[in-house]
Amino acid sequence: MSSIRKRSRVVDVLLRVLPSVVIFALCLVAWELWVNIRDVPAYLYPSPSDIGKELRDEGLSLAVDDLRWTMTEAVLGFLLGSAVALFTGIVFVHAKFLERVFFPWAIVLQTVPIVAVAPLLTIWFGFTLTPKVLIAALICFFPVLVNATKGLRSISSQAVELMSILSASKWSLFWRVRIPSSLPYVFAGLKVASTLSVIGAIVAEFTGADRGIGFVIIQASYRLDTRLMFAGIALSSAAGVVFFNIIGALERLALRWPDARLDR
Amino acid sequence: MTSSGGIAIEGVSMQFGGSQGVTALDGIDLNISGGEFVAIVGPSGCGKSTLLRIVGGLLEPTSGHVYVGGKTSGQARRDVEFGFVFQQPTLFPWLRVLGNVLLPDRVLGRRNPNNGPNSKDIAQELLRDVGLEGFEDHYPGQISGGMQQRVALARALSYGPNTLLMDEPFGALDEFTRDRLNLQLLEVCNKTGSTVLFVTHSIQEAIFLADRVVMLSPRPGRITRVAEVPFPKPRTLEIRYEPGFAALAGELRGLLVGDDDIELAMNQP
Ligand SMILES: Nc1ncnc2c1ncn2[C@@H]1O[C@H](COP(=O)(O)OP(=O)(O)OP(=O)(O)O)[C@@H](O)[C@H]1O
Ligand SMILES: [Mg+2]
């Protein structure tokens with residue numbers, strides 16, 4: 001009985017991902033055909049099979065030597081940016097005045113072009129981990145802040161009245177009502193941030209690094225090594241997808257009640 | 001002020017949105033003695049929920065005072081004297097049914113007289129009483145509206161409050177379940193001696209449950225009639241077939257029919 005149940009769940013998952021896998025495969029095939037039929041220069045437009053060979057030969061060393069660093073930067077930046085954003089959201093919800101003063105600055109922070117700030121941070125901190133983590137944190141900050149603030153505000157006046165009838169402390173209201181009702185929003189923000197963090201780390205690496213996927217891509221571009229560039233793109237986006245899905249799995253663990261997840 | 005446990009409502013008026021705004025209640029005076037069951041009936045929008053909120057210390061009236069057991073309603077609220085069943089169930093979707101009933105225990109801790117190793121048993125027994133045995137582990141999103149309202153009732157009873165404020169708690173229930181819960185509510189009140197202020201749209205329900213029925217007029221809500229219900233307690237469902245019951249119900253229904261209240265008029269027999 002339970003094995004039937006289990007198998008059907010596996011089949012379920014397969015059926016769910018199958019369409020996107022098929023579309024992806026079809027695109028690769030079309031691309032391969034196009035490169036072969038048009039006979040375009042391979043150093044400009046590598047075919048998927050060329051990129052596949054590149055990944056086979058270089059993938060492991062890229063992953064160990066470079067992707068590891070990029071993802072370390074991305075994850076650290078994600079944690080830092082999200083933590084600061086959650087804290088700021090909590091402050092905003094409890095002090096409307098501070099929100100009025102500082103939220104415009106959060107918008108300014110968001111509209112600052114990351115590509116321009118990254119070299120600046122590299123000048124200040126050198127070829128270290130710090131500027132990459134900061135850039136990744138910066139890019140994660142805003143979506144988490146906006147969602148957390150909205151989530152922390154999403155409690156109904158009825159729920160407040162109920163807690164008031166129970167003579168609950170502000171602390172109790174915060175932990176028992178505000179935090180749980182904010183979780184669906186917070187996770188929606190975290191999922192966006194998880195993908196942005198990888199982008200942030202790579203952009204930061206462009207401006208000054210001696211390792212990392214961003215470094216590999218920029219170096220390869222100087223040599224017109226488009227195969228390696230594509231290999232780097234494929235690896236980093238695969239890592240981003242994995243990161244996104246880890247956050248999604250955490251979300252499923254945390255939000256078990258019906259209709260909790262906002263994007264379902 | 002009244003004896004311990006009673007409610008004194010003195011000249012309570014409520015205006016929303018400043019002096020140009022809506023007058024929800026106008027000069028409500030009502031004395032309820034300890035252990036009494038009072039039902040409030042009135043047309044939609046006349047201020048019943050507002051009155052309950054004021055008595056429960058959730059809302060300050062524009063003028064007038066409310067004392068509960070000699071305390072101001074705000075003080076009584078801070079001392080957790082009230083059990084409140086809101087018009088909407090107001091359950092927390094992230095807590096299971098049992099978790100919702102246990103919420104007061106978790107919030108109150110040792111301030112809950114039922115707090116202790118068997119507070120879970122008490123919650124489970126209450127769920128059985130409201131007919132929800134076996135649904136302890138469901139989430140509110142997995143049960144019907146009427147079931148949710150019964151969870152809210154169990155939650156309000158779980159910490160043995162002195163005063164119960166109930167805002168149409170059985171509005172979403174079918175007749176049979178409503179009858180059963182009415183009987184159960186009377187039994188609980190008989191056992192605990194709680195004072196009850198009960199809002200309903202059903203005159204039948206009001207007469208069946210209450211010692212006195214308070215009729216409110218359309219906005220602004222004023223008391224048009226306070227009717228003593230002449231049936232002794234404990235009551236059985238059969239009293240509804242006594243001639244006195246129908247006579248009182250007809251009389252009270254007559255008060256509800258205003259000129260502009262077409263819908264109610266059309267329901268007149
Ligand atoms: N917070 C508020 N702000 C402004 N007006 C309000 C507020 N709460 C209630 N009112 C107004 O006060 C009046 C009475 O509302 P209330 O909810 O007490 O009615 P009710 O008798 O409970 O109606 P129903 O039977 O439909 O539940 C309504 O006209 C409503 O518009
Ligand atoms: Mg109401």
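## Inside and outside a predicted model

Q: Which residues of H6(A) are buried?
A: This is a predicted model. A residue is buried when its relative accessible area is under 20%. In H6(A), the buried residues are Gln158(A), Ala159(A), Glu161(A), Leu162(A), Met163(A), Ser164(A) and Ile165(A).

Q: Why is helix H6 of chain A described as largely enclosed by the rest of the structure?
A: Helix H6 of chain A runs over residues 157-165. It counts as largely enclosed because, of its nine residues, the number buried is seven.

Q: Which elements of chain B do the buried residues of H6(A) pack against?
A: The packing partners of these buried residues include H7 of chain A. In chain B the partners are helix H1 (48-55), helix H2 (73-78), strand S6 (82-85), helix H3 (97-108) and helix H5 (145-157).

Q: Which residue forms a salt bridge with Glu161(A)?
A: Glu161(A) is buried, at 15% relative accessible area. Its salt bridge has closest N and O atoms 2.7 Å apart. Glu161(A) lies in helix H6 of chain A and its partner in helix H1 of chain B, so the pair joins two chains. The partner is Arg53(B).

Q: Which residue meets Glu81(B) in a salt bridge?
A: The N to O distance in this bridge is 2.4 Å. Glu81(B) sits in the loop between H2 and S6 of chain B, and its partner is in strand S5, 10 residues apart.

Q: Which helix gives the largest share of the nonpolar patch?
A: The nonpolar surface patch covers about 670 Å² and includes Leu80(A), Val84(A) and Trp124(A). Helix H2 (48-94) and helix H4 (114-125) of chain A each give two or more residues. The largest share is four residues, and it comes from H4(A).

Q: Is Trp124(A) buried or exposed?
A: Trp124(A) is placed in helix H4 of chain A. The cut-off for exposed is over 50% relative accessible area. Trp124(A) has 59%, so the word is exposed.

Q: Is Thr122(A) buried or exposed?
A: Thr122(A) also belongs to helix H4 of chain A. Leaving aside neighbours within four places in sequence, Thr122(A) is in contact with Phe127(A), Pro131(A), Thr207(A) and Gly208(A). Its relative accessibility is 9%, so Thr122(A) is buried.

Q: Which residue has a side chain that makes a polar contact with the side chain of Lys233(B)?
A: Lys233(B) is in the loop between strand S10 (223-228) and helix H8 (243-256) of chain B. Its side chain reaches the backbone oxygen of Leu209(B) at 3.0 Å. The C-alpha atom of Lys233(B) is 8.8 Å from that of a residue 22 places away along the chain, Asp211(B). The side-chain contact, at 3.3 Å, is with Asp211(B).

How values were computed. Residues numbered from 1 in each chain as written. Chains lettered and ligands numbered in written order. Predicted model: local features only at pLDDT ≥ 70, side-chain atom pairs only at ≥ 80, totals over all residues. Heavy atoms only, no water. Patch = residues over 30% accessible without salt bridge, like charges linked within 9 Å, V, L, I, M, F, W, Y side chains within 5 Å. Areas by Shrake-Rupley, 256 points an atom, 1.4 Å probe, with all protein chains shown as cover. Salt bridge = Lys/Arg side-chain N within 4 Å of Asp/Glu carboxyl O. Buried < 20%, exposed > 50% of the residue type's maximum accessible area, 1.4 Å probe, protein only. Contact = heavy atoms within 4.5 Å. Polar contact = N/O pair within 3.5 Å; in protein donor to acceptor, adjacent residues only side chain to side chain.
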